[in-house]
Structures are given as C-alpha cells and as structure tokens.
Amino acid sequence: MSNATIADKRPSTLRGARLPKWSPYAIAAGSVAVAIGIGLAAGLDSRVQWGLIAGLLYVFGSYAIAARVEGRRQAKDRVATSLVWVAFLLAVVPLVSLVWTTIARGVKVLDVYFLTHSMGVVADSQPGGGIYHAILGSLEQVGLATLIAAPIGVLTAIYLVEYGRGGLARSVTFFVDVMTGIPSIVAGLFILSLMLMFDMQPFGFAGSLALAILMVPVVVRSTEEMLKLVPNELREASLALGVPKWRTILKVVLPTSIGGITTGIMLAIARIAGETAPVLLLVFGSKFINANPFEGAQASLPLYIYQQYGSGETPAYDRAWAASLTLIAFVMILNMVARGIARWKAPKTGR
Amino acid sequence: MAKRIDVSGLTAYYGSHKAIEDISMTVEPRSVTAFIGPSGCGKSTFLRTLNRMHEVTSGGRVEGKVLLDDEDLYGPGIDPVSVRREVGMVFQRPNPFPTMSIFDNVAAGLRLNGSYKKSELQDVVEKSLKGANLWNEVKDRLNKPGSGLSGGQQQRLCIARAIAVEPKVLLMDEPCSALDPISTLAIEDLIGELKERFTIVIVTHNMQQAARVSDRTAFFNLAAVGQPGKLIEIDDTERIFSNPSVQATEDYISGRFG
Amino acid sequence: MDISTQSTQSPLPTPQPPPTEQRRAARGATRPGDRIFLGLSRGSGILLLVIMAAIAVFLTYRAVLAISEDEGNFLTTFEWNTNTVPPVFGIAVLAFGTIVSSIIAMVIAVPIAVAIALFLTHYAPRRLRGPIAYVIDLLAAVPSIVYGLWGAMVLVPHLTGLFGWLDAYLGWTGIFSWEGGAPRSMFTVGILLAIMILPIITNVSREVFRQVPQMHEEAALALGATRWEVIRMAVIPFGRSGVISASMLGLGRALGETMAVATVLSPDFIIHGSLLNPGGGTFAQNIASKFSEATEFGRDALIASGLVLFVITLLVNGAARAIIARRKEYSGANA
C-alpha cells in the first residue's frame, strides 16, 4: 500500500494493511454481478435465489479478501459487518414488498364508492361492492371493546401502582403477564364456550368481549409504566395539602400521565383492530350492513379480507387488497398519532 | 517501551461544537502527567483524543497531530484499533465486564489477539494482577465475577486489564473520583509504581492528587461556558503548585476560581 | 419495551404516609371517595383474575365434554373426524405442525432479528437509525391477516424456485424433498411466521442492546477491540437474556398465529417427513379452518385443541418470565 513508503524503517505497530474504503462496495458489486451470471447461466428464475447467492458471495468474498490483506481479526470484523448488512437487506425485501404490494394492489379499487358501499348484492366473482359494512362493524366492535377494556385496564394499573401491595397485587401482576400471552384465537374460544352454554348466535358484541380480553393487559402494562414515571414529589405535595388520595390520583397523577396513557390505549386499539381470529369465531361475518352490534352477524375489516381471499375470485382479491390497505392505513395512522402524542407529552428529562 | 507523546495544534469537536482548541504539548515517557482544570474545560476530551476514543462519541472529530514516538495517530492508514492497543485507558467509573470472571476480565485483551496457551494466559494474568496490587486479594477467587469486588478493587482490576496487553501509554480519566480515600491511596501508590514501565496521563479534579502523583501538570481552562477549552500552561508539578507563570493557574490552584 | 415484573418485587413509588394512615387508606375506611375509588380499582384487578379463572374453567369444561366422547386417543390420533359416529379426533398432527412451524420461524427469525438490532444500534449510519427503527416499530403493528394475504398472494409463488433448489441440493436429507405442487407447506408457514415475528424480536432486542452501558463498550474499545469484538465482549453477554425473552415473545406469537397460517397452508391431517410437501396443520389454523362447518360437538373438540394451545403458550411465556427474573438478579450487582 502507498502508506508503506511514508512510514519510516521501523515496522509500525499502529498501521495494519487496510483495504481501501471503497472495497466493500466493490465486493458487493462483484458479488451481485456474479450472482446474476450464475442465475442466468443456471436458469434460476427466482430473484430470491439470486439475492441469496449474491449475499453468500459477498460474505465469503469479503472474508477471503480481508483475511489475506488485513489479517484474521479484521476479516472477522468485516464478515460480521457484512452479515449484519446482509441480514438487514434480506429482511427489508419482504417487508418492503409487503407494504409495496398492499399499496400498489390496494389502490386499484379503493375509492369513495368502495368505502361507502357494502357487499349486499354483489357476488364474490363480480367486481364492485365495498367495505362500508366491514368498517362499520370493525368500528363498533373495536369501539365497544375499548369502552370495556380502557377503564378496566387503567383502573387495574392504578390499583397496582397506587394501592397494590401484597398477595392480590402480586397475583394480578402475574396474571396480566399471562393474559398478554393469550393467543387471540383462545380468547375467541373462551367467549365461544360461553355462547355455547347459553345457545347464542354470533353477534358483534361477542367479538368485542374477546377483543377486550386481548386489549386489557396491553393497557394495564403501558398505563403502569406511565404512572410509575410520575414523580413521588407530586403525590406528596398534593397529600401534604390535605387532598384525599383519590382526588390526588384523579387531579394530579392522571393528568400528569394522561399523554402516555392515551398513547398506550391507542396502540392497544391498533393491535386489536387487526385481529381476525376471534371475530371469525364470534361475529361470523356478513355481506350486509348491520349497525346493531348486539344482534346478528356483523362484518369486520380483517375478517372481510380473509373471506374475500378465501373466495378465490380475482375481483375478490382486488377487494381484499383494498381492504388491507384501508386496514393498514387505519392502524398506521393510529400508531403514528399515538407515538406523536408520546413524543409531544414526553417529560423533557427523558432520553 | 514507554513512548513519548507529542501533540501539536489539536482541536476537537462534538458535531459543530468546538470542545478544545489548538492544544500542543509533550508528554515524556515514564512520567506521570496530570491534567487539571475546572469542569467542562475539555481535559477529558483531550485525554480521549490521545487514543482515538473521542471519535467513538457521535459527532466527535479531531484536527491536528498526535505523535506517538514520531508516528501520527491521526495519519493516513492508521488503524484506531491498533492505536488503542498501544494506548490503554482506565475510566472514571470502574467498568469490569459484568458477565466475566476476574480472570477473564484480565485476559480479555489478550484473547483478542489470538490464541494463548492456558499457562501463558495464567502467567500474564498473575503478572498483571500483581502489577495492579490486586493479586493477594483475589488469587483465591479468580473465577468469581469481577462485579463482586469493591469499587477500589474493581478499579485496580480495570488497571490490571489495561496493563495486561502491555500498552505503551496508560490514560486515566479521573480514576479515583468514584472511590473512597483508602482505595484512592492504593491507586495513587500503584500509579507511582506503574510509571516505571508506562507513560501515564491522568485527569483529576483533585489538586492534591495531582500534586502527589504527577511529575508534570497541565492546567486547562475555558474562557466562558460554551467556549472551547484551552491549555493554559504545562510545567513541572512543583512549579505549577508553587510558582505558576500564569495568573489564572494561580487563581485556580489557590481556590480563587470556580 | 419493559416486560418487567417490577411491581412484584420493588416497593411501589407511592408516598409513604405514617403507618396508621396507610392502614386506613388500605381499608379505605374514612372517606367515601377513597373507599369508592379503591373499590373500583381493586375490583378491576379482581375482575382480571376472575376472567383468567373463567377462561381456564370454561375451556376445560367444554374440552372435557368433547374428549369424553372421543373414540380415538386425543393426544395421538392422526385424524379430526368430529361428525362421524363415534367421533375420532386427536391433536398429534396439530401439535407437530405448531411446534415444527414455530421452530422453523425461530431458526430463521432470531439470528436475522439480532443482526438487525445490532445493525440499528452499532452499524447503520447514525442518521438512519432512528427512522429505520421507527419503520420497524410500525411494521410490528401490521395486522396478521395482511401478512397472511401477502404470504398467499406474493410469497407462495416466489417460493417455487427456492423449493426446487432445496429439493435438488438438499432433497437427499429427506427433510427437504419436494414432490412438486404448490409450495404451501409447513416450511412456507415457518418462513411467513419468521417474517411476521421479525419486527417484534428486532424491537425488543434493539431496546436491550441500547441499554448496554456505554462504559462496558468503551472498556472493550480501549483494549483495542474491533467493532465485532466489542459486540462479542460487551454487547451480546449483556443482552443475551433480553434477546432470549424477546425470542420467547416472538415464539408466543408464532405458536398462536391463526390467519397467516390459515391463508398459506394446504392443511391435511398427515405428518410428512419432508417440510416442503403440503399438509399438516397448526392448532390455531385448524380451529379457523374447521370452525364454520363444525357442529356444536365439533366446536367443543376445537375448544379442546385450543386449550392445549393455551397451555403451551402459558409454558412458553412462563419460561420467558423466569429468564427475565433471573436476569434481574444478575445485573443487580453492577448497577
């Protein structure tokens, strides 16, 4: 390397032979080229394979070259670097593809008509129809679930943080953790077993109950975290003024943490809005507009996607994608707004 | 094997903020040089430029030259990893690897550089722990986690870890500020012994400590908060503490200044 | 994300009134406001316990109704015929499929997720770290049905090539032999589940790696460690248990996933030696697929299989909790 001439006679311990800065790019370009070559020569039609071959070539190539020039330790470092990059790019491909496909195929039939009409008189094989009934069902089911889960979750968190000591609090904490891990279909089966007891037919509110079971632990967890962030001085200051504890909690503790609690609830809503399994068991799905969540089968957005996909007809696929785009947009907006609130309300001392 | 450090025109930045400006000094081999000065004057930053640790923090960059026996640490083709092997560092808070045993902590640096035989490793570990005056306290529990030691012992463990790889220079960033007086004394004694073998640079807030351990002392100051720190003067420790040539130094040492 | 169990061990950050005050407050004796509020919040906690108990009791009750009629062995039968007289059904295929697909998902997802987490904390250009992490955060929220739709419409067609390739080069192992046909096998399910749980494992691991104290990394750097060596010496040992619990979280999701499996798998009540041939099933997928045609008895049988799934996920989550708890003890010494 050119540096060798600058250094004086003594062998330097500070400079090792280094590959030039552009070498990773060169190796990457080389591997991609060779991979394309191999792909064409062997007639591999799947781009996934081309990518895998290029990735492997890159990792081994950079190790071999670096080991020759820079030594084993540097070579290992470079392999780690390239593996990490390859892993990242490998993971980006499906995730980007997911988002891209949903948008590209979703916009095809997504318009105002689609959002404001139901599937009432449309056969799966026909184009047309919409998701109005599904949006309505989703909003009602998720809304009712939130009305149940949010107060229970917040109150439980208040109990755990402000009052809870001893055995009861410990077991509540434990079972909140257990509830976090319940698969959504099991929550659905639980409500189903109740419905079987009382010989009931599917209706929207049953789905809400299952969704609420899934939502409560999420709300408890996030609210707990937020309440723990409220400094004790605030509580003490209020108690020292002779304010009763419950008013201290309502007027001092909750207002201080309301931003974070809202964020937690919104994230929980975003999570349950995409749940399909319990809705499938309990609400059953319907092609018609049913505004009454307490009687009769209802549609729901995620379930609509599943059923449209299941029908196996091309126009139905288009509708499934458009509904997916709607659902993703709803979930993402909720997420972004929630995170926005969290950032906006975050204590300035935070990281 | 100890090496001389020659710094000329060194300026260091955090992003667009200039932390220290235009520092030049020479550190003699086998001596202890202390950096003193008020908080925020950039003495720790300067210390970290001497083994290229400054650039690890986000936005950290450096202009100027640091010669280690005539070789510029910031020259082209220099590998920062090799620099840090030559210029070891001990930090403000003792930081033994929490998941490693005492033995593994000391051996950590050696293991990086290829395979040693078990017996070789044992020799070096024993030698380093003896060098750090820690051997007698830990020889029966080398396989216990390093985090179980007291603060002062942990710091000496970190010194043992640093000297195990036989660096040429040892940088110490307020090594005693988290320790009690007795542990501090043990470390100061140790510094006196280590200077026989290494070039030592120590940052300290404690002026008595600087007076006790160092041969030369450098005083850093900054004009105002937000301004870059500058080297005010460097001289024999005795002179700095008895008859400094700059008024600001005297003010600081006699306590007439922040 | 902190999946902590703090409140069980550490004293809660409530003010400490004098002992008599405290006892009164705990009983909520004095003021009606206090009494009502305490009652409400404690009631919510108790309600949760009641719900959990009800889930266990009702599922078990319905499951017993079904299993007592089962002519086959519920654990070992390779069939699911709930409409025949007498009914013969068992969970062998489902248990096998659920475990195998989850293992495949973990084998693929965990290393990649750890690598991405390291990418986000140590390798990516600093300016990109925040935005990429944000996007991955959002991807963790994509509903599973959308993953399922994508898996069936986009992933499955793309896997034909990969399956052929695996069959050609690794077919001799038996595990990767392929008879052709649509690539809707347990392996497909495993890949899709891996993609689904990747964002969750990545997020939690990233959070753990970010919490590695700067001083440990600097200690390694100052010894002359390369970036990879810093990661091996300081980052991975510190984050190991966190990554394990993150993986368990992902595993919990994979085990219980319904829609994504139901959309990409061609289910069949057989166990193949090969992962690439269609067939098999998982607990959740089987419930979703069989539900609409099931009689009341059939539904009870499905509930019985759901109970098994419930128990499995409880065990997995329990293991994750135990690991987190152990980590707490470990890191306490050097806090």
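Which residues in helix 8 of chain C meet which residues in helix 9 of chain C? This is a predicted model, in which local features need pLDDT of at least 70 and side-chain atom pairs count only at pLDDT 80 or more, while totals for chains, interfaces and linings use all residues. Residues are numbered from 1 along each chain as its sequence is written, and chains are lettered from A and ligands numbered from 1 in the order in which they are written.

The two sides of the contact, where C-beta atoms placed from the backbone lie within 7 Å, are listed here.

| Element | Residues in contact |
|---|---|
| Helix 8 of chain C | C:H216, C:E217, C:A219, C:A220 and C:L221 |
| Helix 9 of chain C | C:E229, C:V230, C:M233, C:A234, C:V235 and C:F238 |

By class, this contact has eight nonpolar, one polar and two charged residues, where Ala, Val, Leu, Ile, Met, Phe, Trp, Tyr, Cys and Pro count as nonpolar, Asp, Glu, Lys and Arg as charged, and the others, Gly among them, as polar.

Helix 8 (residues 214–222) and helix 9 (residues 227–256) of chain C, both DSSP runs of H or I with at least four residues, pack at an angle of about 155 degrees with their axes 8 Å apart. Helix 8 of chain C is therefore roughly antiparallel to helix 9 of chain C, a term for angles over 145 degrees.

In chain A, the unreviewed UniProt entry places "domain: ABC transmembrane type-1" at residues 135–338, an annotation that may be inferred rather than shown by experiment. The end C-alpha atoms of that span lie 21 Å apart, and the span is 80% helix and 0% strand.

The C-alpha trace of chain B spans about 55 × 45 × 30 Å along its principal axes.

Key
Helix = DSSP H or I, 4+ residues; strand = E, 2+ residues; numbered from the N terminus. Axes fitted to C-alpha atoms, helices over the stretch in contact; angles between N-to-C directions. Parallel < 35°, antiparallel > 145°, perpendicular 65-115°, else oblique.
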